[in-house]
Amino acid sequence: MLNDRLRADMATMLDGLGEQFRGIAELQKQRALLTATVTACDKRIEVTVNADGLLIATKFADDVLELSLEEIAANLTAAVQSAAADVAGRSRELMTPLLERRDALPKLSEIIEGAPDLGAMLPTAPAPPTVATDHTRWPTDGSGIHGPRSAVADNDD
């Protein structure tokens, strides 16, 4: 009787796992098709990013050179960041149903007494910077070269 129950529980878990994998595959297909396009400077600058937030297209209007190079650079950067944020938000929306199904599944610690909650043990990655690092503020190592030593640079000792 106990073996029958364990088999039934295992079959249910395997069915759920198979459904999760199929859902993940479908979400990956949908996510891969995501793009976001943003314009800036009265539509003088247009950028498009892919699902990973990578810039895949840039268009400038004929009158873009009425702007200074600094204005173009700053607005181009802001437009790419805005498009990347947009596509990241839509990626999260795609993932919501899958995450809700995952959260409804029992945790290992709920199935096996004394087992750790593996999800609680996962570290959270820090957010990447949205502004360029000021490399002139990096300390030197005495060589007169600012910044971290390169493993492949010609000028290392």
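**View 1. Helix α1 and the nonpolar surface patch.** Helix α1 (residues 2-32) contributes the most to a nonpolar patch, with six residues; helices here are DSSP runs of H or I with at least four residues, strands are E runs with at least two, and both are numbered from the N terminus. This is a predicted model, in which local features need pLDDT of at least 70 and side-chain atom pairs count only at pLDDT 80 or more, while totals for chains, interfaces and linings use all residues. Residues are numbered from 1 along each chain as its sequence is written, and side-chain values use heavy atoms, with hydrogens and water left out. The patch on the surface is formed by Met10, Met13, Leu14, Leu17, Phe21, Ile24, Ile111 and Ile112, which together have about 760 Å² of accessible area. Patches are built from residues with over 30% relative accessible area and no salt bridge, joining nonpolar side chains (Val, Leu, Ile, Met, Phe, Trp, Tyr) within 5 Å and like charges within 9 Å. A salt bridge is a side-chain nitrogen of Lys or Arg within 4 Å of a carboxyl oxygen of Asp or Glu. Areas come from the Shrake-Rupley method with a 1.4 Å probe, and for residues only the protein chains shown count as cover. Look for Leu17 in helix α1: Leu17 is partly exposed because its relative accessible area is 41%, where under 20% is buried, over 50% is exposed and partly exposed lies in between.

**View 2. The three-stranded sheet.** Here three strands make an open sheet in the order β1-β2-β3, with antiparallel pairing. The edge strands are β1 and β3, each of which pairs on one side only. Neighbouring strands of this sheet are turned by 15° against each other on average, direction ignored; axes are lines fitted to C-alpha atoms, for helices over the stretch in contact, and angles run from 0 to 180 degrees between N-to-C directions. Strand β1 (residues 35-40) pairs with β2 over six bridges, and five bridges join β2 to strand β3 (residues 55-60); two strands pair if DSSP finds at least two bridges between them. Follow Val47 in β2 to see both sides: Val38 stands opposite Val47, and Val47 stands opposite Thr58 in β3.

View 3. Cys41 sits in the loop between β1 and β2 and has a positive phi of about 55° although it is not a glycine. Lys43 has its place in the loop between β1 and β2, and Lys43, also not a glycine, has a positive phi of about 65°. Lys43 counts as exposed because its relative accessibility is 66%.

View 4. Ile45 belongs to strand β2 and is the bridge partner of Ala40. Ile45 counts as buried because its relative accessibility is 0%. Its contacts, meaning heavy atoms within 4.5 Å, include Val38, Lys59, Phe60, Val64, Ile72 and Leu76. The C-alpha atoms of Ile45 and Ala79 are separated by 8.2 Å, though the two residues are 34 apart along the chain. Thr48 is also in strand β2 (residues 45-50), and Thr48 is buried because its relative accessible area is 12%. Beyond residues up to four places away in sequence, Thr48 touches Thr35, Ala36, Thr37, Leu54, Leu55, Ile56 and Ala57.

Technical notes. Buried < 20%, exposed > 50% of the residue type's maximum accessible area, 1.4 Å probe, protein only.
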